[in-house]
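Reader: I would like to go through this model by its contacts, its pocket and its sheet. Can we keep it brisk?

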Amino acid sequence: MTKTQNSIILLFLIGSSVCFSQTKMPAFFSNDMILQQLDTVAIWGTDTPNAGVQIETSWGEKSNTTADASGNWATRVPTIAASFQKHTITVKGTNSITLENVLIGEIWFCSGQSNMEMAMKDTNKKPVNNAEEFIRTSMNSNIRLFNSEHNTSLSLENDVIGKWEEANPESVTKFSAVGYLFGKTLFEKLQIPIGIIEASWGGTSIECWLPQKNIQEFPEIKIPTSLYKDQEKEKKPKPTLLYNAMVYPFKNFSIKGFLWYQGEANRGNAGFYKKYMQTLISSWRDQWQQNALPFYFVQIAPFDYNVKYKSKTASFGANLVRESQIFAAQEIANTGVVVTTDVGKCNDIHPTEKYIVAKRLANWALANDYNNKDITYRSPEYKSINIKKSTAIIEFNFFGNKNENTKLDTKKELKDFVIAGEDKVFYPATVKINKDQTLTVYSDKVDKPVAVRYGFVDCLKGTLFSNSGLPISPFRTDDWKE
């Protein structure tokens, strides 16, 4: 063997030693982090193969484990009830790491496209309503924010780019407005530490966030074999690439539940959206090994897509996405949908009223997951149609507090109702609210009605509400393709 060959081998061995010579952990195990309360949380990392690793916490829990032949190690540590006490976690392997300023509380994982990603102040969009006040009053060391940077990968990644930050004017300004305001609302009600993890990317379809093994169930989705040269410039990440790089790395990182705001990018293939939603929810729950983790999401807001896209297909697709979102929430346990017919803008796909959206998401969580039973959180939903001569009677399902959410708001003039006969031609309809909380819908141009639609258009200003102030989702009683 030549001297040069010996040198190369030596350098390789030294390099290999360096790769495994330090105890390392993913970016979300760091100073200022938050752990899920009253759980047995997973903690993991890498080290020298077969190295012993000891975990010791300031709340008295300890754990020992050993790195495997590839240098990977993982263990679990019980957590105590949430409090404002700051803790430390010491990890001793080949070297020692001490994580400081650690809180124990509640963690929510929020994801989606631009309306989730939209920051309190975004140079490319209008500021969120009341942004200045939210930012000015944002200093709170008990709300922790972790923003995962954009990244794509053809294979499953083990780490993300990001860091935990305490809520303050600087961190809140650049963080998801919906995510932060959700956390702020929870904190004000629960008075315990709240952590929000954001993993979102504007303009992305739901397919980007699905695991490859699940995408194989859908032959219409093309599994990627390469990356775009410039993902940021293209703004079109391919299916599964965001899951690989921005969701999978969190694996079993203990959380309380998920928030999801996405759907605009799926108008073109809206017929598949409900199945994709079902798959997304089940696959993410599988990843966290908890098949009932709460999953709350936002119905896409009203927007006049024809102004920008000049496409009738795209227009009808938006309606189908909203419909699919309602159906998904009705069919999947421990999920909920926030209706947004009152916060959209026909000329802006990024409505600035994010606090209402965040508060409605928080109310779902507070009612279902934190036992606040006095909160009205679920909009009434279309139940059935009954034809009586020349009129259609529409019945609704009501939810929540019987004293607050079992009636329709009679103060608003009801608009955006249309009615059709067997010829499938829709005409504007007259609507009356009955004492039994049903609607009577009719038109002098339709003698024998067959179908009724409410708000089944691109953009509307919702007029149908419960008397608790929650808007009712657009709906149709038919399943016609146009």
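Predicted model: local features only at pLDDT ≥ 70, side-chain atom pairs only at ≥ 80, totals over all residues.

Reader: Which strands stand at the edges of the open sheet of four strands?

Author: The sheet has the order β17-β16-β20-β21, with antiparallel pairing. An edge strand has a single partner strand, so one side of it is left without a neighbour in the sheet. That applies to β17 (426–428) and β21 (475–476).

Reader: In β21, which residue is the bridge partner of Y454?

Author: Strand β20 spans residues 451–454. It pairs with β21 in the antiparallel sense over two bridges. The bridge partner of Y454 is F475.

Reader: Is R476 buried or exposed?

Author: R476 lies in strand β21. Buried means under 20% relative accessible area. R476 has a relative accessible area of 10%, so R476 is buried.

Reader: Which helix does R476 reach through its salt bridge with E323?

Author: The side chains of R476 and E323 meet at 2.7 Å, N to O. E323 is buried too, with a relative accessible area of 13%. The pair ties together parts that are 153 residues apart in sequence, because R476 lies in strand β21 and E323 in helix α11.

Reader: Which residues do salt bridges that share partners join into one network with E323?

Author: R476 is one of them. Shared partners bring in two others. The network joins E323 with R476, R453 and D478.

Reader: How many residues apart are E331 and K274?

Author: Their side chains meet in a salt bridge of 3.1 Å, N to O. E331 lies in helix α11 (residues 312–331) and K274 in helix α9 (residues 273–287). So the pair ties together parts of the sequence whose separation is 57 residues.

Reader: K256 forms a salt bridge with E106; which strand holds E106?

Author: The closest N and O atoms are 3.9 Å apart. K256 sits in the loop between α8 (241–247) and β11 (257–261), 150 residues from E106. K256 is partly exposed at 23% relative accessibility, whereas E106 is buried at 1%. The strand that holds E106 is β7.

Reader: Which element gives the largest share of the lining of the largest pocket?

Author: The pocket has a volume of about 880 Å³. Of its 42 lining residues, the closest to its centre include S114, E117 and W201. Elements that give two or more residues are α2, β8, β10 and α10. The largest share, three residues, comes from α2.

Reader: How many residues of that lining are charged?

Author: The lining divides by residue class. Eleven are nonpolar and 16 polar. The charged residues number 15.

Key: Residues numbered from 1 in each chain as written. Heavy atoms only, no water. Pairing = 2+ DSSP bridges. 1 Å grid on protein atoms, 1.4 Å probe; cavity = no way out; pocket = protein on both sides within 12 Å on 5 of 7 lines; lining within 4 Å. Points joined across faces, edges and corners; volume = space filled by probe spheres on them. Nonpolar A, V, L, I, M, F, W, Y, C, P; charged D, E, K, R; others polar. Salt bridge = Lys/Arg side-chain N within 4 Å of Asp/Glu carboxyl O. Buried < 20%, exposed > 50% of the residue type's maximum accessible area, 1.4 Å probe, protein only.
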